[in-house]
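Please open the structure in a viewer and keep the sequence at hand.

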Amino acid sequence: MTKRMQWLAFLKKRYHNKIRGRILLYMCIIAFSIITCFSIFNFFLAADTIKKENEGIIRLKLSTACSSIEAAVQDYSLPLYSIYVSDSYKDMIYQNISDDTPVSSRLDFLRDFISVLRNTCTMKPEIDIYIKDSLYWGYPISYYHPISEVSSCEWYQKVEASPKQAIIYSREYSEEELENLLIGTVKIQHTSGVQMGIARITIPFSDFFGIFQAQFEVSNGGIYLCDTEGGVIHATGKHFGEDFTPAAYGDGDSMTYEGEKYFVFSENIEKYGWKLCYVSAERNVVPRNVTDINRIAVFAVVLIVASVVIMLLFSHMLTYKLTALAKNVEEINIDDPSLGFDPEKYGSDEVGILACAFEHAINKIKALNQKNLLMEKERYSIEYQALQEQVRPHFLNNSLSAVSSMAEDIGAYDIREALLSIAKFYRLSLSHGANLITVADEIELLKQYINICRLRFEDRVSLSLKVDQEALGCYTPKLVIQPFVENSIMHGLRTSGNDYQEDIVSINVKRSGDRLTIVIDDNGKGMDEQTLKNILMEDSVNKKRHAVCNVDRRIKLYFGEQYGVTIKSTPQLGTSVVITIPAMEDVRKTGE
C-alpha cells in the first residue's frame, strides 16, 4: 500500500469518527463539571460547618462574658451585703448616742471596716456611707457623709420610697468620667429597727469589660452592653454611628456597614435585664479559606452555566447539518433540474457522507427519470402516429360516401369536380409527412372539405369563418378543425324534412398571448349529456376512439394535459367546441 493510500485510509478513519469524538468531548466536559460541582459542594458544606463552629465559639464566649459580668456585680456588691448583715458595725454607728467609747477609736474602726471591705473586692469600688444627721458625729472621716448632702437627690428618694431591704441597683451617667456608672444601694437598719442611713457603692461599667474584652476581636467589631429598652450602657471597639442599636438585631443576624458585612451575636443577662451584644466582621466569623471556598462555589456556578451553554452550542453544531439535510430531503422534487446536494455545505464528517450518498442516489433517480421521459415520449410519438393513421381512412370513407350519395342524387358531371376537391384535400392532409401545419394551411384544408360538402348540400350549409391575422402563422396539429365541422354537418345539422332550417357553422380562431383558441359553433340539433360522454369516451373493449376523442388525445399527447378539447352542447340549440393549443410560430420549439 502506497503512502498516499495509507494517508487516505487514516483520513477516512478520522473522517468516520468525528461525531464520536465530539460526543466523547462533550461527555468529558459534563463529567468534569459534575466532579467539580460535587467537590465544591463538599467544600461548601465544610465551610458552612466551620462557620457554625465559629459562631458556636462566639456564643460560648458571650455566655461566659455574661457569667463574668454577673459574678463581677456579685463581687463588688459583697461590701453592701457585709454592711447590711454586720450588727457590730451597725452598733458602732449607733454608739454615737448610746456608748461612752472614745470617738477617735470608734471613727478609726468605722473607717478601717470600710477600707477592708473595699480591698477585698477585685475591682475596688467606691463606697460611701450616708448617716442620718441625728447620728452623725460631726467629724470628717473617709467614706462617711451626712444624709443632708444627698437628701434632695433622685436616687436617694427612690431608695427611701422603696420597701425593699435588699440591694437596689441603678445606673448613672458621670459627666466627669463621660461614662455610665453602676450604682448599688442598701438601707442600714439597726437591730432595734432604727433606720440609720444608706450604704452606696459605685463602679464604672468599663471595669466589667476589662474582665473579658481580651477574648473578643474588637478591631473589626465591637462589644455592647444594652439595657431593657435597647439603649447602649457601655460599648468598646468599632464605632457604627450614633443611631446604631445592636439590641434591635436578633442573634446571628447580619448587617452591612461601609460596604463590609457584619454579624450580630447577643446573650441576655436575665438577672439585671441587660443584653450583651458582639458585632463581628464576616472575616472574623468565616475564615479566609472559607471565603475562598465561597468564591470557588461562585466559580463553579459560572462553570456550570458555561458548560450548559457550551453543550447547547455543541449540540446545535452537531445537529444543524442533520436538520438541514432532513429538511432538504423533505423538499426533494425530482423534476427540479436545480436539485442537488453540495457536500461542502455539510462538511466532511458522517453527515457529509450521508449528503454525498443522497447526491449519488438523486443523480441516479434523475437519470432514470430522464430515461423514462424519453421512453414515454417515444411511446407517445408512436401512439400519435397510430392515431394520425386512423384519421385518413375514416375521412376517406366519409368523403367517398358523400361522393356516392352525390352521384345518386345529381348528374354525373359533378363527380369530376367532387373528386378534384377530394384529391386536393387529401394532398393537403398529407403535408409531406409533417405532423404540424400552419393555421393558414388548416383553414385551406377546411375550405376544400366545405366545397365537397356543398356538392351534396348545395347552399343549405353556411360557413362563417373568422381568423385573427396574427394566428395564421401559428402552427397546429393538422386535421383538428375538420372532424368537428364534419360532425356538425353529418350529425348535428338539420338539412332535410320538416326540421329543415338554414345550417350555420361558425369558426373563430384567435390568439391571446401564448395561447391559440379555436371555437367551432353550430346551430344544429345538439346532443344530451350522455351522448356527449359517449363521444369523448374511449371504447375500453376495442381500444378505439371517436374522431373527437382522437383529436383531444392527440393534442394532450403532443402539448400536455393543460391543452385539449372542451365541448358544450344543448339539445335543439346547437353545439360549441373549444380547442386550445399553444401559440407556436416556430415548429422547432416542439421538438418536431
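**A tour of charged residues**

Begin by selecting Arg59, which is partly exposed because its relative accessible area is 27%; buried means under 20%, exposed over 50%, and partly exposed in between, with a 1.4 Å probe and protein chains only. This is a predicted model, in which local features need pLDDT of at least 70 and side-chain atom pairs count only at pLDDT 80 or more, while totals for chains, interfaces and linings use all residues. Residues are numbered from 1 along each chain as its sequence is written, and side-chain values use heavy atoms, with hydrogens and water left out.

Arg59 and Asp251 form a salt bridge whose closest N and O atoms are 2.6 Å apart. This pair links distant parts of the chain, 192 residues apart: Arg59 belongs to helix 2 (residues 18-85), and Asp251 to the loop between strand 7 (232-237) and strand 8 (253-257). Asp251 is partly exposed, at a relative accessible area of 36%. A salt bridge here is a side-chain nitrogen of Lys or Arg within 4 Å of a carboxyl oxygen of Asp or Glu. By this rule, the count is nine salt bridges. Helices (H or I, at least four residues) and strands (E, at least two) are DSSP runs, numbered from the N terminus.

Because they are four residues apart in helix 5 (residues 154-161), about one helical turn separates Glu154 from Lys158. Both Glu154 and Lys158 are exposed.

Select Arg511 and Glu585 next. Their salt bridge brings the closest N and O atoms to 2.5 Å. Arg511 lies in strand 14 (residues 503-512) and Glu585 in the segment after strand 17 (574-582), so the pair ties together parts 74 residues apart in sequence. Arg511 is partly exposed, with a relative accessible area of 25%, whereas Glu585 counts as exposed at 53% relative accessibility.

For the last stop, which residues form a negative surface patch? Select Glu126, Glu175, Glu176 and Glu177, which make up this patch. Patches consist of residues with over 30% relative accessible area and no salt bridge, like charges being joined within 9 Å and nonpolar side chains (Val, Leu, Ile, Met, Phe, Trp, Tyr) within 5 Å. Glu176 is found in the loop between strand 3 (168-174) and strand 4 (179-189), and it counts as exposed at 80% relative accessibility.

Key. Areas by Shrake-Rupley, 256 points an atom, 1.4 Å probe, with all protein chains shown as cover. Lys, Arg positive; Asp, Glu negative; His and termini not counted. Charge placed at Lys NZ, Arg CZ, Asp CG, Glu CD.
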